[in-house]
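Please consult the sequence and the three-dimensional model shown here before reading the briefing.

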Amino acid sequence: MTRSPLLDVDELSVAFTRRRRRDVQAVDRISFSLREGRITGLVGESGCGKSVTSLALMGLLPARGVRVGGTARFRLGGGDEVDLLALPAARLRDLRGSEIAMVFQDPLSSLNPVVPIGRQVAEVLTRHRGLKGAAARGQAAELLARVGIPDPGRRLREYPHELSGGMRQRALIAMAVACRPRLLIADEPTTALDVTIQAQILELLAGLVAEEGTALLMITHDLGVVAGLCDEINVLYSGRTVEGAARHELFAAPTHPYTAGLLGSIPRLDAPRDEPLTPIRGTVDDAIGWDDGCAFAPRCDRFAEDCLGGPPPMRERRAGHRFRCLHPTEPAPGEESEGR
Amino acid sequence: MPSRTQRIDRLAELVAARREDGEGRGVWREAFARMRRDPMAITGAAIVGVFLLVAVLGELIAPYSPTAQTWGAEVFPNRNVFVGPRAENWLGLDNLGRDQFSRMVIGARQTLLVGVVAAGLGFTAGALLGGVSGAAHTLGGRAGRRIDTVLMRFTDMMLALPTLLLAVSIAALLGQGLTTVMVAVGAAQIPIFARLLRGAMIAQGSRDYVLAARALGARRRRIALAHILPNSMGPVLVQLTLSLATAIIDAAALSYLGLGNPDPSVPEWGTMLADAQRFLGGAPQLAVFPALAIIVTALGFTLMGEAMRESLDPRLRN
Amino acid sequence: MLRFITRRVLTAVPTLFGLSVLLFFWVRLLPGGPEYALLPEDASAEQRAALRRAMGLDDPILVQYGRFALQLLQGDMGTSLQTGRPVLTEFWMKFPATVELAAMAMLIAVAVGIPLGYLAARRRGGALDALAVGGSLLGICTPVFFLAFVLKLVFAEQLGLFPSAFRQSPGIDATRITGFFVVDGIATREWDAAADALMHLFLPGLALSSIPLAVIVRMTRASVIEVLGEDYVRTAEAKGLRRGTIRTRHVLRNAMLPVVTAIGLLSGSLLAGAVLTESVFAFGGIGEFIYAATQTRDYPVLLGFILIIATVYVLINLLVDISYSLLDPRVRVS
């Protein structure tokens, strides 16, 4: 049953314009699609453009100084399709919180410090479902219970600074899923939390997705999060997708040297104690423009002259496993073909 | 076929071309570079520059003596006729037959003196008070914190009075005169500088580099003077610029209240403005010129101070 | 909560105590000594000697201070050299005028300043922003007494739109209850008296509002700009809330916190500015009386009024502190 994807992002690009300086191309024509009930990961280091992607989809980028290109076709409840990037602001405002929702990284700063939690949850219900007063409060308490916050009735009146980090994030999730959105974007939802709480929050998200059939876009730099949660994964580097595959595929056969490098730099419990980590040398700043060649080249052990001859094209090995590299790690013989 | 070395060189070129130049050349240089392009800072600096120039060159610019009542014969017989701007006297005459333009030019120097002395007094005494308090709080342990509390209580008492009234009460003790005005206005600024520097130093005191210095066993006096103090000076210097502006205005207010220099021969914009108030109906230019001069000069210092504050504020950088 | 309030009140006590000590020494440092400063010029030598004895200037300092403090607490602040009436009486007579004036000034400052500052922040970099910032800088840099004179000259004397002096026109026959002319007029339903009092309040109120207005515009603008960049505003946008909801519940509720504190501090500058404005408009309030006192070296009045003003200022800031804790839930815990 292959319906069309819920969200089909095609050649999304975001550039920040600055006075008297070159534009910064934060996102450079990435494409991916999301389906109901599936969890898709967007992985990369800071500065690779993954957060900007999510903000562009939600329409939360500033109006001035930003240039957005490409399309993001979203299937509405009634079956119509709209391009999120081309919608008028008012229409997008109607969709946000009801059809598309987002959970952010730092729960303390993402909550209004002077308004009680209950009100912050209820206002989503008031805005999109017309609930008021006691009805809204009642449903807000139910939502808080559903995301695992104990004693929700009391919590309604409390302020964000009175809750623990994990509970704040749960409250943010409650606000996001209040109107049962069909698409949920989570931008580093666990980065600011303790490890044990991280696991709980991820379980919560997975559970909600399974119950509601929501499509979840999980944005993170943490491959551990991705490994446990996502059905398919896109790896971003310097604004472009460099690899995209289903979970098992990606971890079994990391093709792009960057992906391989990320995996290699994670400490593993089952590795010998004195085996050294192999980090990727250099930093994100040691990049070149994609127009000049592969942006990863300065940090790559497999770099050769042709890597500087312009942007490497996206190729495909096996169905659904794309990669953008001329000298990948372990290309399976006879399985390469030209892809997107 | 290019060698590996050449490939790496080419890579390095491309990376360098992508990187932005000017990374963290120090807080002050960055701030200064930003200010150079800020229209507010440029306007302010231009105004202040002109003001300083006029104050310094003084007699070289003024066509006549500011105190000689050269045209007295014209003015005294008919008190109701005031001589406005004309070819001979660019800004006209004052009520005693003196050339306004010359008075304004020489008055710039006195006004500058008032501003500098008052703000300087406030800054020096206030920074001393605040610096000792802040250092004691940060580095002095429990005894230090007590000293800080006592000193700040004292400062709070001074702050409990609106600035003008504080200046008035000090001036009442000292009698009339320009020195009184300078001292009173300056003293009223002391609590502001004290609180500012103390606050900045305490904020620095919990920073990692201070903890590191103490852990390494550096002597507390050295930590205070060589590390904490320089990093706390930003807001204080901004305040210094702003205080120059308010000092000039407050001095004019004190003159208006009759606490200024009773000798009208030595021109100073504030005194000139205060004296000219009674002629506002018949000869507004007597008051308007010094008023405009004060407003524009104060504006110049304020613009500079505000530009400095914005350029030093880490949050406004992007 | 109650503990928080009591603690804040208790910190005010040493400040007031310290102030009284400072003023105690201040009196003794006046030119010529208290026996000359506190008595009229034509006082006789016996009267001066009597004052010396009464003040116990040869007693130990602590005893003197004790006497001083006791007198203060009983409300005895000496007698005005200009009018011969007790200083405290003069204060009660004159303070309603200044309170009405300050209220008018603060009303103008808040009603114009907050919306202007908000709009300037929303349309940052635009013409309104430049106007707001420029105008507020100009407002701070203009001497208040000069502004008062110019307003009076142009709008009262030349254009005749507003009265140029006093609190009420001579023709109006108004009943006095509280001394607050506008309130009295409304309470007795003498609408013409109330309207007339308002007309008299407008120009001096406008002059007095220049500095608070400037400060409020800049503070509101800076605060709104900061809040607009906060993550929780982004969350509110992500929830798809209406712009009005975001503006009131999320932006303003947070942005107004520092502005409220500033309003408390501004009351001090209002009291000082009143000195400069009232004299221009012959307004008959505390400010004008202080002005006269500085001209005539009426030290008892200066001493008494300054002490009272300082006390009021401390109390106002105390109130602002406490009300801030009501507005910002994060503060209550500490």
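The briefing below treats the chains and their contacts by topic.

This is a predicted model, in which local features need pLDDT of at least 70, side-chain atom pairs count only at pLDDT 80 or more, and totals for chains, interfaces and linings use all residues. Residues are numbered from 1 along each chain as its sequence is written, while chains are lettered from A and ligands numbered from 1 in the order in which they are written.

**Chain A: annotation and domains**

- The UniProt record, an unreviewed entry, places the feature "domain: ABC transporter" at residues 9–263 of chain A; UniProt positions follow the numbering used here, feature names are shortened, and annotations may be inferred rather than shown by experiment.
- Residues 9–263 of chain A are 38% helix and 25% strand, and the end C-alpha atoms of this span lie 27 Å apart. Helices (H or I, at least four residues) and strands (E, at least two) are DSSP runs, numbered from the N terminus.
- Chain A is divided into domain 1 (7–230) and domain 2 (254–268 + 277–340), with bounds that come from an automatic or database domain assignment.
- The centres of domain 1 of chain A and domain 2 of chain A, taken over C-alpha atoms, are separated by 30 Å. Their contact takes 7 residues from domain 1 of chain A and 6 residues from domain 2 of chain A; two residues are in contact if their C-beta atoms, placed from the backbone, lie within 7 Å.
- On the side of domain 1 of chain A that touches domain 2 of chain A, β2 (24–34) and α8 (223–229) of chain A each supply at least two residues. The residues of that side of domain 1 of chain A divide into 1 nonpolar, 4 polar and 2 charged. Ala, Val, Leu, Ile, Met, Phe, Trp, Tyr, Cys and Pro count as nonpolar, Asp, Glu, Lys and Arg as charged, and the others, Gly among them, as polar.

**Interface of chains B and C**

- In this interface, 35 residues of chain B are in contact with 35 residues of chain C.
- The side of chain B that touches chain C receives at least two residues from each of α6 (141–159), α7 (163–174), α10 (220–256) and α12 (284–312) of chain B. Its largest share, 8 residues, comes from α12(B).
- By class, the residues of the side of chain B that touches chain C comprise 26 nonpolar, 7 polar and 2 charged.

**Chain C: overall organisation**

- Chain C has 14 helices and 0 strands, and its C-alpha trace spans about 80 × 55 × 40 Å along its principal axes.
- Of the 334 residues of chain C, 41% count as buried. A residue is buried if 20 or more other C-beta atoms lie within 10 Å of its own, exposed if 12 or fewer, and partly exposed in between, with C-beta atoms placed from the backbone.
- Among contacts in chain C between residues at least 6 apart in sequence, 70% join residues at least 24 apart.

**Chain C: residue C:F166**

- C:F166 is found in the loop between α7 (144–158) and α8 (181–187) of chain C, and counts as partly exposed because it has 13 C-beta neighbours inside 10 Å.
- Not counting residues up to four places away in sequence, C:F166 touches C:H200, C:A282 and C:G284. The C-alpha atoms of C:F166 and C:G284 are separated by 6.8 Å, although these residues are 118 residues apart along the chain.
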